[in-house]
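This report describes one predicted model.

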Amino acid sequence: MAQPVLMPKMGQSVEECVIVKWRCKDGDKVKKGDILFEIETEKAVLEVESFYEGTLLKVLVSQGQAAHVGATVAFIGQPGEPLPAVTAAAVPAPVAAPAVSAPAASTPVAKPVTVAATPAISVPAPVMAPVPAPATAPSRMFISPRARALVEHSAISATRIKGSGPNGRIVEKDVQGYLDAHNYASLRISPAAKALAIKEKIDVLSVTASGDGGRIMVGDVERSLKERPKAMSKMRQIIAQRLTQSVVTSPHFFVTVEVDMTDLLEYRKELKQKNLQYSVTDFILEAVVLALMESPGVNSSTDGKSAWWHSSVHLGMAASIADGLVVPVIRHAEKLSLKELHDTAADLAARARDGKLMPDEMSGSTFTVSNMGMLNVENFTAIINPGEGAILAVSSTNEKPVVRKGQIVVRSIMKITLSSDHRLIDGAVAARFANTIKTKLEDVELWKSLT
Amino acid sequence: MEKFDVIVIGAGPGGYPAAIRSAQLGASVAIVEKEYAGGTCLNWGCIATKSLIACSDLFAHIKRAQSFGIETGKLSYDYAAMSRRKNDVVSKLRGGVEGLLKANKVTVFKGTASFVDRQHVTVTAADGTQTALETKATIIASGSTSAVPGFLPKNERVMESRAFLELTKLPASLLVLGGGVIGCEFACMAAQLGVKVTVVELLSDILMMVDADVRNELRRHMEAMGIRVLTGKALEKVEATAKEVKGQFGDETLTADMLLVSVGRRPVTAELKLENVGIAVSKAGFIPVDDFGRTTAASIFAIGDVTGIAQLAHAATSQGVTAAENAVNPKKRKMDKLVPACIFTSPEIGSVGLTEQQAKEKGLTVKTGKFGFAHLGKAMAAGETNGFVKWVADASTGQLLGAHAVGLHATELISEATAAVRAELTAEELGRTIHCHPTLSETWMEAAHALLGHCIHAPPARR
């Protein structure tokens with residue numbers, strides 16, 4: 001009997017997913033474990049494997065469409081087998097169709113869920129509002145068939161042509177006048193470039209020429225094509241939305257302190273010789289966890305009306321991936337030993353790079369660390385992850401001349417900058433918290449006791 | 001210390017045009033050459049080999065004279081005389097290049113150039129005397145040299161192409177290691193003169209960069225000429241004695257009087273002292289340049305074989321002219337990238353732009369159109385009906401992306417196709433362009449018609 005392929009549940013909060021790509025098509029043979037399709041949730045693109053062996057009989061939810069979790073998206077069985085009746089599983093896809101004209105400016109900003117009543121709820125996850133597809137064609141244009149044919153044949157856009165006919169209808173004479181006004185007759189374009197412009201509806205009058213004597217070449221038309229607005233990936237749209245929301249709603253302020261990493265780096269070398277592998281990030285994460293336990297005000301959230309403290313540290317670590325960033329979360333970081341913290345962080349980072357994180361592993365953080373230490377930066381500020389009170393930006397460690405006991409000495413200095421939500425955290429709290437992290441990182445005895 | 005606006009290192013087909021173009025633009029120019037003007041191309045490459053191939057081609061033609069109704073009697077040739085003729089052609093052309101340099105007031109320094117810093121170059125002559133020069137800009141055109149892998153025995157029966165060209169007597173049998181352009185050209189030339197030739201190529205086929213249809217056609221003809229073409233395995237355990245060379249190809253032991261090594265060419269950079277100007281060569285030893293021919297060191301340009309862009313004399317010439325203009329003029333121009341390739345095998349090969357395989361690898365949807373010389377009046381009249389031409393075009397716009405020819409005068413025919421591809425013509429336009437009848441060039445028009453599905457001189461395509 002034909003087996004239904006169901007949209008898998010990708011985490012607590014995910015109710016529907018978009019199929020961004022089918023890897024097989026109707027009639028393809030599939031084996032157990034073959035990747036059937038890719039889905040995009042609010043957090044990541046994930047691959048879905050087949051549980052069955054057989055032939056992909058019918059795809060019910062096609063590429064670009066969304067389906068509810070648990071819905072049947074396809075059937076696998078033997079060729080010729082009858083398919084059980086199902087109701088249409090697809091729901092309107094929230095992804096934007098590739099924009100053809102200018103990007104739609106009307107995208108509504110998603111509203112965060114209000115969390116007022118139950119402060120115990122973790123982070124107010126933003127709800128993804130369906131992004132309306134930008135209009136694929138401008139509103140109806142009045143143009144005569146002959147005029148339209150001339151527009152198309154000339155590879156120009158009619159949007160800027162003023163119509164002289166009844167109701168502003170564009171007639172052939174208007175197009176000809178427009179062409180003359182733009183000196184179209186002297187336009188030089190290679191035959192293939194023109195064919196491509198006609199096919200892709202590129203206005204050749206807007207193309208910058210690079211060929212000999214100002215001739216428009218295929219490469220020039222291709223460049224114009226690349227300049228067209230394209231819909232961002234769902235991940236980027238989410239990033240855009242969340243970061244804008246954060247900057248707009250929470251008043252950020254920044255506190256920077258310098259951490260002297262010299263002794264800790266020395267000690268790390270000793271550990272390495274004993275074959276104990278810790279990264280600098282591990283020490284920073286641990287120092288942050290310890291500091292958060294001492295400064296509950298920082299491990300908190302607010303919506304501007306209420307503020308609530310989190311008893312656990314769910315530590316987000318910003319990780320850069322292809323075309324975006326994700327924030328995997330180390331849960332109950334305060335309960336982990338340094339070794340466990342290291343293992344968890346390494347595992348999450350590796351899976352983030354491979355795109356194998358589940359949505360649940362990327363939500364619910366109470367504080368985030370963004371580390372650009374390996375990117376050779378002097379100092380930077382981070383934008384608070386929505387729902388959190390603060391974020392720590394960690395910059396590169398560099399050898400610097402500093403004054404110690406009245407002497408100029410060379411030390412390994414790392415700048416850390418705390419971005420805080422001023423609705424929740426005041427300057428003194430932020431300064432104290434930043435300095436607590438600094439003190440911990442500079443205290444080698446502490447690290448000896450933890451390793 | 002003598003001061004120049006431009007110093008060109010190497011007087012090959014890239015270097016001497018660069019020097020002349022710089023001089024035309026009003027610069028004071030020096031050129032440094034350690035051997036002969038004209039470089040590899042003129043002395044031990046293009047011109048030298050084409051002189052010999054003209055002899056072998058003519059010999060092969062005369063052998064077929066009877067089929068044209070011409071009686072010749074018993075045929076024989078004198079390779080030493082062929083070689084002398086080659087030397088005459090080479091020295092005449094070399095004199096021409098030297099004359100042009102002189103006429104353009106380019107100062108020629110004999111010796112090896114090396115950088116002291118970005119503004120200073122030292123020329124070391126054969127006798128060890130050194131001349132210090134100062135310059136505003138430098139164009140490196142030091143070229144390449146045959147690669148001879150270390151596992152090959154050092155023996156007079158083992159030689160690369162340059163030494164082979166010095167021969168005054170051909171061996172009775174020849175083993176060619178490497179089925180690239182040089183290997184295949186020498187194999188065809190020697191086979192036409194009656195040498196028993198075996199070509200061994202490590203890759204799955206000879207001339208892998210050439211369109212698959214074209215190389216299949218060539219391979220068929222080479223084999224018909226009596227050349228053994230062995231591919232897909234390495235030549236191992238190469239030994240050379242006073243009498244013969246031996247090598248192992250799989251289970252078979254190959255023996256011959258001589259081994260020609262043609263496994264590629266390495267850039268010549270060792271004596272330039274590039275470290276003094278902060279230029280780092282690539283993994284393969286080439287000098288990286290940008291679209292304008294600039295190296296990573298400001299005011300130093302590199303062109304030709306030493307850049308690894310295309311090991312073709314005409315590419316070097318075009319780059320040399322552009323680099324000279326960029327060295328002298330403040331407004332920079334990009335180097336032309338569309339480089340046609342010519343291979344003087346029997347039959348000849350010409351190609352430009354993308355092969356069908358390359359276009360597909362780029363994700364393009366292509367249409368191809370092919371027309372064989374067997375259906376062409378002129379080819380039949382000339383008694384040369386081997387080969388074909390082939391267009392590769394973008395399926396949606398009809399843009400001609402590549403052209404490939406194999407057959408009589410393919411290396412001449414490719415120039416029309418090059419102009420068409422560069423001008424971004426479509427198959428339709430090329431097909432509407434009137435071509436002279438009866439000529440070999442007509443094949444381009446016919447092949448364009450074939451691509452569009454309305455070829456007059458071919459039966460309708462089977463569905």
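Within chain A, helix α8 covers residues 338-353 and has 16 residues. From its first C-alpha to its last, helix α8 of chain A reaches 22 Å, close to the 22 Å expected at 1.5 Å a residue. After α8(A) comes Gly355(A), with a positive phi near 70 degrees.

The buried residues of α8(A) are Leu341(A), His342(A), Thr344(A), Ala345(A), Leu348(A) and Ala352(A). An α-helix has 3.6 residues a turn, so residues three or four places apart point the same way. The elements of chain A that cover the buried residues of α8(A) include those in the table.

| Element of chain A | Residues |
|---|---|
| α7 | 280-294 |
| β13 | 315-317 |
| β14 | 319-321 |
| β15 | 324-326 |
| β16 | 329-330 |

The packing of α7(A) with α8(A) has an angle of about 115 degrees, and their axes are 10 Å apart. The crossing in which α7(A) passes α8(A) is right-handed. From α7(A), the residues Thr281(A), Asp282(A), Leu285(A) and Glu286(A) meet Leu338(A), Leu341(A), His342(A) and Ala345(A) of α8(A). By class, the residues of this contact of α7(A) with α8(A) are four nonpolar, two polar and two charged.

Definitions and conventions:
Residues are numbered from 1 along each chain as its sequence is written. Chains are lettered from A and ligands numbered from 1 in the order in which they are written. This is a predicted model: local features need pLDDT of at least 70, side-chain atom pairs count only at pLDDT 80 or more; totals for chains, interfaces and linings use all residues. Helices (H or I, at least four residues) and strands (E, at least two) are DSSP runs, numbered from the N terminus. The expected span of a helix is 1.5 Å times one less than its number of residues. A residue is buried if 20 or more other C-beta atoms lie within 10 Å of its own, exposed if 12 or fewer, and partly exposed in between; C-beta atoms are placed from the backbone. Two residues are in contact if their C-beta atoms, placed from the backbone, lie within 7 Å. Axes are lines fitted to C-alpha atoms, for helices over the stretch in contact, and angles run from 0 to 180 degrees between N-to-C directions. A crossing is left-handed if the near helix is turned anticlockwise from the far one by less than a right angle, and right-handed if clockwise. Ala, Val, Leu, Ile, Met, Phe, Trp, Tyr, Cys and Pro count as nonpolar, Asp, Glu, Lys and Arg as charged, and the others, Gly among them, as polar.
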